[in-house]
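The structure comes first, then the notes.

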Amino acid sequence: MTEAKALIRPDRGEPAIAIHLVSKDGFEAFAKGLSAGQRASLAAQKFEGGGYQFAIIPDGDSWFVISGVANPESLSAWCLAKLAEELPEGVYRLANGEAGPAMFGWITAQHRFTRYKSEDKAQGPRVLLTAQVGQIDGYVAEAQAELLVRDLVNAPPEDMGPAALEAEFEKLAKAHKAELTVVRGDALEQDYPMVHAVGRAAARHHAPRLMHLVWGDPTHPVLAVVGKGVCFDSGGLDIKPPSGMRLMKKDMGGAAHAIALVGLVMEARLKVRLHVLVPAVENAIAGNAFRPGDILRTRKGLTVEIDNTDAEGRLILGDALTRASEESPDLIVDFATLTGAARVALGPDLPALMARRDETAEAFLAAGKAHDDPAWRLPLHDAYREYLASDVADMANSAANPFAGASVAGLFLDRFVGEGLDWVHFDTFAWTPAPKPGRARGGRGLGLRAAWHAIRSRYGA
């Protein structure tokens with residue numbers, strides 16, 4: 001895979017193949033300026049100016065590209081992605097206008113997860129030239145963060161267990177001179193009892209742990225980022241059916257989002273004191289697995305009755321959110337592949353966003369809309385707290401009814417976030433089930449760019 005930074009280059013006037021962008025409404029006028037032979041070529045390729053359509057047109061001894069977009073004056077992240085996937089290897093430039101946000105999709109479209117392929121048949125790079133030199137680094141950084149999420153999520157669970165996530169944190173800490181603490185063993189059982197309980201049935205080489213990375217000036221406002229790191233979820237003793245278990249390698253997608261996001265934060269040197277907490281476990285089945293009916297103690301001191309061992313992500317996040325709250329953060333952001341209910345409600349493309357403060361939710365939603373990473377807000381409706389009531393403990397981990405599953409999970413997490421703190425929760429899918437231009441089937445960042453741009457706007461560089 002060619003490095004992302006090699007796919008976008010400053011335009012210094014070198015030879016390049018032209019890409020002409022047209023809308024469906026503007027196609028007829030554009031075609032009038034072509035020769036009869038070129039119009040015949042367009043007709044043969046059945047080009048009509050529709051979105052993601054493109055045609056290669058002969059031009060003497062050379063050729064150019066014409067591509068349909070909704071509005072050539074305002075490109076989205078994905079407008080050029082089909083071209084980046086399918087054009088021949090070479091160097092290109094837009095004949096009219098600049099790529100802007102489409103630089104992101106130009107990069108992500110060329111990414112392939114080939115770690116386990118015996119033969120990589122991908123063609124050579126398609127390089128895009130741009131005069132927007134000052135924007136290149138930003139889009140490249142965002143694309144690299146997105147591709148990191150994809151690679152982490154796509155890796156098989158045997159190779160992306162808790163130890164592998166720890167190794168990712170070690171690389172991150174070394175690259176940015178951050179402090180990394182890893183809690184495991186007896187200390188984990190004592191200080192993060194729910195993390196330990198969920199992960200204790202895993203094989204020794206997948207033993208549970210909690211990673212805590214700290215970076216930045218202690219005088220700056222504290223930004224806490226928490227990610228769910230369930231590296232594989234069997235469902236525990238409430239075992240999932242095979243259809244539900246097949247993609248559970250992606251249940252560490254929240255951790256992948258957290259790692260990618262804080263990499264962007266540190267690279268940009270935002271004025272924050274960063275605390276990153278990722279509990280990493282495998283929810284496995286063994287004689288020492290936690291059981292339905294068990295009552296777990298928590299770092300916060302609450303007790304939780306287990307109604308369903310497949311509602312484990314909220315348990316490990318509860319201890320991590322408690323620890324994050326102890327830093328009195330200005331903002332907590334968490335990512336988790338938390339509920340199937342969110343996917344039923346919103347489908348695979350829209351992460352559910354929950355927040356305590358309307359103004360914070362609006363800032364994150366606006367950032368997502370502006371950067372082609374939309375989310376949809378779901379409520380933290382107080383009346384639904386009763387669904388988590390337990391006769392024998394302070395609360396249950398799973399609702400006794402099928403209603404409002406995503407919001408009820410969010411309300412569970414809310415019990416572990418410090419009183420009055422500003423908190424945003426992303427219930428993300430972290431996966432593309434059907435390929436789209438720039439978005440291959442497999443792991444995907446959903447909510448990553450929304451969070452990044454909202455945080456960058458809030459704290460500045």
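## Model and conventions

This is a predicted model, in which local features need pLDDT of at least 70, side-chain atom pairs count only at pLDDT 80 or more, and totals for chains, interfaces and linings use all residues. Residues are numbered from 1 along each chain as its sequence is written, and side-chain values use heavy atoms, with hydrogens and water left out.

## Helix α6

Helices (H or I, at least four residues) and strands (E, at least two) are DSSP runs, numbered from the N terminus.

Among the buried residues of α6 are L165, F169 and L172, along with E166, E168 and H176; buried means under 20% relative accessible area (1.4 Å probe, protein chains only). The buried residues of α6 pack against α5 (133-154), β7 (179-184), β8 (209-215), β10 (229-233), α10 (253-267) and β11, contact being heavy atoms within 4.5 Å. Just after α6, K177 has a positive phi of about 55 degrees.

## Helix α10

In α10, 14 of the 15 residues are buried. The helix is followed by R269, with a positive phi near 55 degrees.

## Residue I285

I285 lies in the loop between β11 (273-283) and β12 (295-297). I285 counts as partly exposed because its relative accessibility is 41%, between the 20% limit for buried and the 50% above which a residue is exposed.
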